[in-house]
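Thanks for coming. I will show one structure today and go through it piece by piece. Please look at the sequence and the fold while I talk.

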Amino acid sequence: MLRGAALRVTRPRVAVLSAVHAHPHADTDSIIRAVRGHLPKVSHQAVYDSLRVLTAAGLVRRIQPSGSVARYESRTGDNHHHVVCRSCGVIADVDCATGEAPCLTASDDRGFSIDEAEVVYWGLCPGCST
């Protein structure tokens, strides 16, 4: 994946990419802990730099629901959305709305060429709603 994105293959990048794939919607601290399981001496800065490069290359996606720290996921290339539990904060992927979805089409695009809509659904997960 790194070579396909014209990126140099480094141990921190491989470890960060693997951690993001293994832990969808993980925050930076969780990714650092996961990476240190494979590379105990990796610095915070190396993980931050890797996340920045991987995000810029489109290999990971950075999301930040309101009131939350930045989180990273490996599902890229589609315009999926997220559902967030108001109680425990768990995040799950939601495919784009199908059928009639007027909120995904701007009533006045102000001349923009819109290529993505970001929707976050909020509620209670099954565990918190019982």
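What share of the contacts in the chain with a separation of 6 or more comes from residues 24 or more positions apart? The figure is 49%. Before I go further, please note that this is a predicted model.

Let me start with the overall picture. The chain has 130 residues, and 33% of them are buried. The C-alpha trace spans about 50 × 45 × 20 Å along its principal axes. There are four helices and six strands. Read from the N terminus, the order of elements is α-β-α-α-β-β-β-β-β-α.

Now to the core. The largest nonpolar core holds 21 residues. Which of them touch the most other members? Those are Val-16, Ile-31, Val-35, Val-47 and Leu-54. At least two core residues come from each of helix 1, at 11-22, helix 2, at 28-36, and helix 3, at 44-56. Helix 1 is the one that gives the most, with five residues.

Take Val-35 as an example. If we set aside its neighbours within four places in sequence, Val-35 is in contact with Ala-15, Val-16, Ala-19, Val-42 and Val-47.

I will take them in pairs.

Helix 1 passes helix 2 in a right-handed crossing. On the helix 1 side, the contact is made by Ala-15, Val-16, Ala-19 and Val-20, and on the helix 2 side by Ile-31, Ala-34 and Val-35. How many of the residues in this contact are nonpolar, polar and charged? Seven are nonpolar, and there are no polar and no charged residues.

The next pair is helix 1 and helix 3. Here the axes come within 9 Å and cross at roughly 70°. That makes helix 1 roughly perpendicular to helix 3. From helix 1, Pro-12, Arg-13, Val-16, Leu-17 and Val-20 take part, and they meet Ala-46, Val-47, Ser-50, Leu-51, Val-53 and Leu-54 of helix 3. By class, this contact has nine nonpolar residues, one polar and one charged.

That leaves helix 2 and helix 3 on my list. Their axes come within 10 Å, with a crossing at roughly 115°. Helix 2 and helix 3 are therefore roughly perpendicular to each other. The crossing of helix 2 and helix 3 is right-handed. Helix 2 contributes Thr-28, Ile-31, Ile-32, Val-35 and Arg-36 to the contact, and helix 3 contributes His-44, Val-47, Tyr-48 and Leu-51. Six of the residues in the contact of helix 2 with helix 3 are nonpolar, two are polar and one is charged.

Where is Ala-70? Ala-70 is in the loop between strand 2, at 61-63, and strand 3, at 71-73. Is Ala-70 buried or exposed? With a relative accessible area of 12%, Ala-70 is buried, because the cut-off for buried is under 20%. Not counting residues up to four places away in sequence, Ala-70 touches Ala-26, Asp-27, Thr-28, Arg-62, Ile-63 and Gln-64.

Ala-6 is not a glycine, although its phi is positive, at about 60°. Ala-6 lies in the segment before helix 1. Its relative accessibility is 72%, so Ala-6 counts as exposed.

The other case is His-25. Phi of His-25 is near 65°, again a positive value in a residue other than glycine. Where does His-25 lie? His-25 is found in the loop between helix 1 and strand 1, at 26-27. The relative accessible area of His-25 is 8%, so this residue is buried.

To finish, one point to take away about the core: Val-16, Val-35 and Val-47 are among the residues that touch the most other members. That is the end of my part.

Key: Residues are numbered from 1 along each chain as its sequence is written. This is a predicted model: local features need pLDDT of at least 70, side-chain atom pairs count only at pLDDT 80 or more; totals for chains, interfaces and linings use all residues. Side-chain values use heavy atoms; hydrogens and water are left out. A nonpolar core is a set of buried Ala, Val, Leu, Ile, Met, Phe, Trp, Tyr and Cys residues joined through side-chain atoms within 4.5 Å. Buried means under 20% relative accessible area, exposed over 50%, partly exposed in between (1.4 Å probe, protein chains only). Contact means heavy atoms within 4.5 Å. A crossing is left-handed if the near helix is turned anticlockwise from the far one by less than a right angle, and right-handed if clockwise. Ala, Val, Leu, Ile, Met, Phe, Trp, Tyr, Cys and Pro count as nonpolar, Asp, Glu, Lys and Arg as charged, and the others, Gly among them, as polar. Axes are lines fitted to C-alpha atoms, for helices over the stretch in contact, and angles run from 0 to 180 degrees between N-to-C directions. Angles under 35 degrees count as roughly parallel, over 145 as roughly antiparallel, 65 to 115 as roughly perpendicular and the rest as oblique.
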